[in-house]
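Subject: Structure handover

Hello,

Here is the structure we talked about. Please open it and follow along with the notes below.

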Amino acid sequence: MHIPVAVGTVYIVGAGPGDPGLITVRGRECLAAADVVVYDRLVGDRLLALAKPGARLIYVGKQADHHTLKQGQINDLLVTEAEAGHVVVRLKGGDPFVFGRGGEEVEALAARGLPFVVVPGITSAIAGPAYAGIPVTHRGLATSVTIVTAHEDPTKDESQLDWQRLAQGADTLVFLMGVERLDAVAAELVRHGRPAATPAALVRWASRPEQETLVATLGDIGARAAEAGSQPPAVLVVGEVVRLRERLRWFDSLPLFGKRVLVTRTREQASALSALLAAKGARVWELPTIAIVPPASFEPAQRALDNLAEYDWVVFTSANGVERALDYLMMRGKDARVFANCLIAAIGPATAAALAQHGLRADYVPSDFVAEAVLAGLLARGVAGKRVLLARAAQARVILAEGLRQAGADVDDVALYDTALPRDVDPEAVRLLREDAFDVITFTSSSTVRNFADLCSREHVQSTLARATVACIGPITVRTAREAGLRVDVQASEYTVPGLVRSLEKHFAALGPARDR
Ligand code: SAH
């Protein structure tokens, strides 16, 4: 259901704890409709990207000590923008009413009679522990939970916190804004009767790929956090439920958790691999090293595609080739029926899937996704005297055409597209490359390898990356990578994108899981 969003209204929206997937559906709708987005420090950039083009994004970031805007000024800003008739979203980390001062902002709007809507969010007080594998309540272990601000100095006399009641009250205690006062908070709880042996966990940057968890006891968590140099933002969970992490840990034990992965592909193709890697916990940067461009001459391809009925076999060796061919046929007012008289071969499942998108079923897909295997399969089916169309990239390998000709086939090898270096590359990815900061670099074709090497020299990056695990999709890509001077650590055992991800998982599983500090 799409909720209409009204002008002159302020939407107080919870952004969730950090993972951009953890905003609500309503929150996202509001964000997409907003003219003005007023946001805090804990709101990630990837959420802001959901705002409509042209929306004004106003940062009123709250750092622990120096607020960029005072709360009163933020309230005034919301009032001014709403009175000007804008759709205003006030985007706040976690839930707006859990230590978010959302209540104060709403009071200011209510006082002026301005309409507002509250869109709750997933609070870090509950999601933080959950992402560390700690349920805040659990049958038999904890039937109550208290969420507390640790912002106050517990040693001050005027502290509003009743430490006695707190220490002996709820089974689970969750402290927000507590990193700086961790030692004092833990000491105060022990002084008021919580056993020093009570398990406690500090979860930093919960739900993000950089999440860190420190498990200790009330007695030693202060010292352990100081030793580890723990920084905000983090939530502190205290109680028996912390022990459940041992069994229920899930997020930071994902096979590629926290790994920085560089995906080199064409801009069009990168997202499938990136999404798979992210689902395994990786932090992904995309560096398109290839732009798909028209070939020097499209005429041979045109001639072939206009006369498909003359061919016995049409061979596609990439999804890109399929797309270019079908684009052309559509433009000519044709459809899949022009393939009625030919058999179709696809080099692998991604190419076959691209064909299927257009209602075409490949008659032959080899079990090894390389040109040699396509050749062997076609030879086994008998190609002497047959007309074969190879519909491919410019500069594709010659082995297929040569092998078929030697077996007596009449081969047309036509270029549907060419590849080139892209113009705009992500400067952050280039910086990380220069710093050799990637854990993994993936290559899914020989041309990406070659263009990567060119890109490296253009951007002054040492292409002999010392630290990164280099992962290639298949044997040909491996060979090209070695020729380009790269050390290859992982070769996919199945030459597909999911196969590449599985082989990476296995590689890291063999190195053992990340330990808690
Ligand atoms: N309204 C927010 C809390 C704002 S107060 C919410 O409901 O989550 C800011 C505090 O929230 C931080 O000091 C930290 O304790 C906690 N916090 C917010 N996001 C966090 C995250 N991703 N990981 C750990 N703690 C987080």
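Start at Arg324, which counts as partly exposed because its relative accessibility is 28% (buried is under 20% relative accessible area, exposed is over 50%, partly exposed is in between, with a 1.4 Å probe and protein chains only). Some ground rules. This is a predicted model, where local features need pLDDT of at least 70, side-chain atom pairs count only at pLDDT 80 or more, and totals for chains, interfaces and linings use all residues. Residues are numbered from 1 along each chain as its sequence is written, and side-chain values use heavy atoms, with hydrogens and water left out.

**Salt bridges**

Arg324 forms a salt bridge with Asp327, at 3.5 Å from N to O. The term means a side-chain nitrogen of Lys or Arg within 4 Å of a carboxyl oxygen of Asp or Glu. By this rule there are 25 salt bridges.

Arg324 and Asp327 sit three residues apart in helix α12 (residues 319-331), so about one helical turn separates them. Helices (H or I, at least four residues) and strands (E, at least two) are DSSP runs, numbered from the N terminus. Asp327 is partly exposed, because its relative accessibility is 42%.

Next, Asp413 pairs with Arg392 in a salt bridge, with the closest N and O atoms 2.9 Å apart. Asp413 is in strand β16 (residues 410-420) and Arg392 in strand β15 (residues 387-393), so the pair ties together parts 21 residues apart in sequence. Arg392 is buried, with a relative accessible area of 3%. Asp413 is partly exposed at 36% relative accessibility.

Then look at Asp40 and Arg90. Their salt bridge has its closest N and O atoms 3.0 Å apart. Asp40 lies in the loop between β2 (36-39) and α2 (45-48), and Arg90 lies in strand β4 (residues 88-92), 50 residues apart. Both Asp40 and Arg90 are buried. Salt bridges link Asp40, Arg90, Lys92 and Glu105 in a network.

**The largest pocket**

The largest pocket has a volume of about 1,400 Å³. Its lining has 50 residues, and the closest to the centre are Thr317, Ser318, Ile347, Thr444 and Ser445. A pocket here is an open set of points on a 1 Å grid over the protein atoms alone, where a 1.4 Å probe fits, with protein on both sides within 12 Å along at least five of seven lines; lining residues have an atom within 4 Å of a point. The volume is the space filled by probe spheres set on the points, which are joined across faces, edges and corners.

Helix α18 (residues 475-483) gives the most to this lining, with six residues. Domain 3 (260-290 + 423-511) and domain 4 (293-420) both contribute to the lining, so the largest pocket lies between them. Those bounds come from an automatic or database domain assignment.

Best wishes
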